[in-house]
Structures are given as C-alpha cells and as structure tokens.
Amino acid sequence: MAAQSSFPPGGTWFDSLKKSFVNVPVDTANGDAISTSEFLDASESLTTLFDLLGSVAFKPVKNDMVGNVKKVRDRQLASPGDSSNLQSLVLNELKTKQHTATEGLLWLTRGLDFTAQALRHNTSNASDELSTSFRAAYTSTLKPHHSFLVKPVFSAAMSATPYKKDFYAKLGAESDQAKVKEELGRWLACLEKQVGVLNQFLAKKECKW
C-alpha cells in the first residue's frame, strides 16, 4: 500500500493546514493584538510538520507544543470574554494570580520560535542539511531554558532529521517546489512576525508572575 501523501494532489502541505499563520488576524491598531482562536489553530496545524520529519524522536517536541496549546485554550474556554486576543488573555489571567496559560503561551512561543528559526536558517543556507539548521535553532531558542534531563531528548530529535531533499519533497511534489518555496516564505514571514510580537509582549514586566 502506498504511503498517504502529506499534501493534496496539485497542492502543498500548506493546503492541508486547518489554519495558517498567514490567516491569523493581527490588530495593528490595538497594539498588534493577536486573535486567540486562529493563532491556536495555526499553532496546532504547525505541529503536523514534526510528523513530516519522520522520527519518533520528534514526538516529545510535538507533544510539548500541543500541551501548551491546550493550556492556553483551556483558559480561553474558561473565560472567553477576556480572551479574544492573546495579550488580553495573559493580562486577565495574571490578574487572578494564576499563570498556567501564560506559562503555556511562553513555552509555545519558544517552540514556534525554534521552528521558525530552523526553517529560516535552512531556507537561507542552501547547502545546510536540516540537522544543522535545527541544532542551531535549538541552541538559540529552547536549549537555554531546558533542564539537563530534557536537553538530551531534544538533542536526539535534532540529530534525527531527514535529508533536506526528502523533507521538502513531503511539502510538495518535485514539480511544485517553486510553489512550496513561495508558500513557505509567506507562512514563515507571518509566523516570525507573530513570534516577534509575542516575545516582545511576554518580556514586559506586567507579564511576569
């Protein structure tokens, strides 16, 4: 039996996403407020990227991100009126002396930053394999925050990445690689922008607990 494709006929992996970061509303007139529901759906959709990397070593990476999405979504469901955007969700949760969702968003943002930096490095350095790009991204994003028990788990995943050509073939057919590159560039730029907004916001004094 042939393996199921990760993208629809004539399309790319990006067409299979429930929600893309390209379609997440960011209200520039309201301090770059990021819409909660769409952002969480886009983050959940991103985690299917780790399935394409084809190694069980990436399961802890994926599970960590999915778990953090759930923490934020649980707060949204518990207090929908205060959670239409991520910034409001955080500030209103912290007023209650709780920080489960805020901490979840912090770790989710770190995971998204890791993914964005790995892909940006790889698309900007044509000769580098994925393992090089993912190791570099891990060193500058997640590694400084991980305990000595967690670091080996994530380091193993970085070494388990497929060859570059095999990974990009899972994003789209060989004849559609120009389209893959274009869609990846657009998706990645939106992901990077939203991660940048959240990094700046979460570094503020009022977001500490």
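Trainee: How many salt bridges does the count come to here?
Mentor: The count comes to 8 salt bridges, and please keep in mind from the start that this is a predicted model.

Trainee: OK, which residue does aspartate 51 meet in a salt bridge?
Mentor: The side chain of aspartate 51 meets that of lysine 62, with 2.9 Å from N to O.

Trainee: And where do those two lie?
Mentor: Aspartate 51 is in helix α2, which covers residues 49-52, while lysine 62 is in helix α3, which covers residues 59-78, so the pair ties together parts that are 11 residues apart in sequence.

Trainee: Moving on, which residue does glutamate 192 meet in a salt bridge?
Mentor: Glutamate 192 meets arginine 120 through their side chains, with 2.8 Å from N to O. Because glutamate 192 lies in helix α9 (residues 177-202) and arginine 120 in helix α5 (residues 100-124), this pair ties together parts that are 72 residues apart in sequence.

Trainee: Are these two buried, exposed or partly exposed, and what are the values?
Mentor: Glutamate 192 is partly exposed at a relative accessible area of 29%, and arginine 120 counts as partly exposed at 31% relative accessibility.

Trainee: What about lysine 165, which residue does its side chain meet?
Mentor: Lysine 165 and aspartate 166 form a salt bridge through their side chains, at 3.2 Å from N to O. Here lysine 165 counts as exposed, with 62% relative accessibility, whereas aspartate 166 counts as partly exposed, with 34%.

Trainee: Which residues are linked in a network of salt bridges?
Mentor: Lys18, Asp41, Glu44 and Arg73 are linked in that way.

Trainee: Switching to helices now, how do the axes of α3 and α5 cross?
Mentor: Their axes come within 8 Å and cross at roughly 140 degrees, and that angle makes α3 oblique to α5.

Trainee: Is the crossing left-handed or right-handed?
Mentor: The crossing of α3 and α5 is left-handed.

Trainee: Which residues in α3 and α5 meet?
Mentor: On the α3 side they are Val61, Met65, Asn68, Val69, Lys71, Val72 and Arg75, and the residues they meet in α5 include Thr100, Ala101, Gly104, Leu105, Trp107 and Leu108, with Gly111, Leu112, Phe114 and Thr115 also taking part.

Trainee: How many of them are nonpolar, polar and charged?
Mentor: By class, the contact of α3 with α5 has 10 nonpolar, 5 polar and 2 charged residues.

Methods:
Residues numbered from 1 in each chain as written. Predicted model: local features only at pLDDT ≥ 70, side-chain atom pairs only at ≥ 80, totals over all residues. Heavy atoms only, no water. Salt bridge = Lys/Arg side-chain N within 4 Å of Asp/Glu carboxyl O. Helix = DSSP H or I, 4+ residues; strand = E, 2+ residues; numbered from the N terminus. Buried < 20%, exposed > 50% of the residue type's maximum accessible area, 1.4 Å probe, protein only. Axes fitted to C-alpha atoms, helices over the stretch in contact; angles between N-to-C directions. Parallel < 35°, antiparallel > 145°, perpendicular 65-115°, else oblique. Left-handed = near helix turned anticlockwise from the far one by under 90°. Contact = heavy atoms within 4.5 Å. Nonpolar A, V, L, I, M, F, W, Y, C, P; charged D, E, K, R; others polar.
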